[in-house]
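Q: Please take a close look at the aromatic rings of this model. Which rings pair, how are they arranged, and where do the partners lie?

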Amino acid sequence: MKKKLMTMMLASLVLLGGMNQVDALTATKIDLDDIHKGNVNTKIIEINPAGKSLVIETDAASYNKTAVTGGETISIDSVTIANKVTVKYGSVGTYEGMNVSAILTIDNIIAEVAMNGASPRYTNTDPTFTFYESLFNGIVMKNVREFDVEVKFFTGANFTNQIDFDGSSRETYLTFTSLSSNRCVVRDTEVTTYLTNDTIIEDTLNTYTNENMWCGTDDFYIDELGEETYANAAISFKLTGNSSKFTLAALGSNYGVFLMNNSPLFSVIQNTPVKHVYNTKNEEIDQKAMVPGGTYYYTIEQTFSVLGQDMLARYNSFQIVDTLPSNISVQSIEVLDTNGTVLADAGNVTNQLGRVTYDMCDELLENTLYNGEKYYLKITFKVKDELKACTQLKNKATTSVNDYAVDTNEVMNPVNCVDGNTPTLPQTGLNDFTAYIGLALIGLSIGVGFFIKGQKHKTRTSH
């Protein structure tokens, strides 16, 4: 009989008859929209890594391999808990800019049997595992009740440089998703663990092994990446040390799918937005001079996160705010997609006394693929004609994802400014450059004239 425990409320469970005591598991429950303000590495397991490859090895005396689309299936005859299956992934993603490979070692394989220890429930069928070239696609098991899996990640070739996550300044999480009813996972040591507030996963007694595991308790969620309830069937474990070992189980069943990725259950801080400034020739002119009456434009660029690599749920909100310099007048405001196409119905744009605000509409938030695409806010403006004094037009913007704000870089453009004796030349065309050279020549001619006249005057008075 399966007994469920309430996470963080019960310190232990006394089994029937009071013979054994089992410690309860603990996890932190969070809102999926919570922003984790730490430095998080979320790209070790990518959806479609470059250079991926798969090698499956086993020490079992008798086994059979069968190719499947994008992977391979291995069936083991007369499996014992001493048998091992080693799976080598040539590329699973990147870690701090370096290619990452992985090795999964599976052992303690227990074929699916009845709870009373009788004959296997599914006779004439061997325990089977399916693995794919992309680790993101996880592990599929059949005719297996439970097994242990040790996960190791490496950088460099030939699985030589093992990653020690304790030595990194960035936190990395391994997340198991699609834990529907009686699909269970537990790590061999307690680490920082996250569940959503609305999770369907509970601390549950595995009566086969007399150990507690994190198990799905129902199927009332939409098992599709990005759906609002998808993360309710997921659990995140912080990676520590140079290896992580888990027990995976399908209690009372002969089939289970265990998907793995690095998306934590909280929202990670969005990519840093970028501010640009251009002239009408589409030349970037940060730190270059503008002229009164000239037309220019700002862009605020935001790269969206990748669903499944950086997060498990779509953005709930996306906003850009840009407080503009007072010496410019806005001509137009547009929202552009990755391809530079102007989006007609992208959301609400306002300009209140030079404070431009853009809120992305729900439809676009829902339909965006979240595959690293970019969105831009383009603000076209003119420098006011009446600007006469030397002025530095400085500007930066802010983007907010799920109400967490990140600033862009600052751009600056001088107007009517001279640095020492050197004019700060406008970068908008030959005519402006020629005008400055002309003024400099006129000034030089006047100075020389006064000098010569003064010398003649001194000569006359000496006699």
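A: The model is a predicted one. It holds 21 aromatic pairs. In one of them, the ring centres of Phe154 and Phe159 are 5.8 Å apart with the planes at 85 degrees, and the pair is therefore edge-to-face, the cut-off being over 60 degrees. Phe154 is buried, at a relative accessible area of 5%, while Phe159 is partly exposed, at 25%.

A second pair joins Phe304 and Tyr375: the centres are 5.0 Å apart and the planes stand at 55 degrees, so this pair counts as tilted. Because Phe304 belongs to the loop between β26 (295–303) and β27 (318–323) and Tyr375 to strand β31 (residues 374–383), the contact ties together parts that are 71 residues apart in sequence. Both Phe304 and Tyr375 are buried. These two rings also belong to a cluster, linked by ring pairs, that includes Tyr315, Phe318, Tyr358 and Tyr370.

Lysines lie over the faces of two tyrosines. Lys275 is placed over Tyr298, 4.1 Å from the ring centre, and Lys378 over Tyr297, at 4.5 Å.

As for the largest pocket, its volume is about 420 Å³. Its lining comprises 19 residues, with Leu32, Asp33, Glu228, Ala313 and Asn316 nearest the centre. By class, 8 of the lining residues are charged, 6 polar and 5 nonpolar. Helix α1 (residues 362–367) supplies the largest share of the lining, 3 residues.

Key:
Residues numbered from 1 in each chain as written. Predicted model: local features only at pLDDT ≥ 70, side-chain atom pairs only at ≥ 80, totals over all residues. Heavy atoms only, no water. 1 Å grid on protein atoms, 1.4 Å probe; cavity = no way out; pocket = protein on both sides within 12 Å on 5 of 7 lines; lining within 4 Å. Points joined across faces, edges and corners; volume = space filled by probe spheres on them. Helix = DSSP H or I, 4+ residues; strand = E, 2+ residues; numbered from the N terminus. Nonpolar A, V, L, I, M, F, W, Y, C, P; charged D, E, K, R; others polar. Phe/Tyr/Trp six-rings, centres within 6.5 Å; stacked < 30°, edge-to-face > 60°. Buried < 20%, exposed > 50% of the residue type's maximum accessible area, 1.4 Å probe, protein only. Lys NZ or Arg CZ within 6 Å of the ring centre and 35° of its normal.
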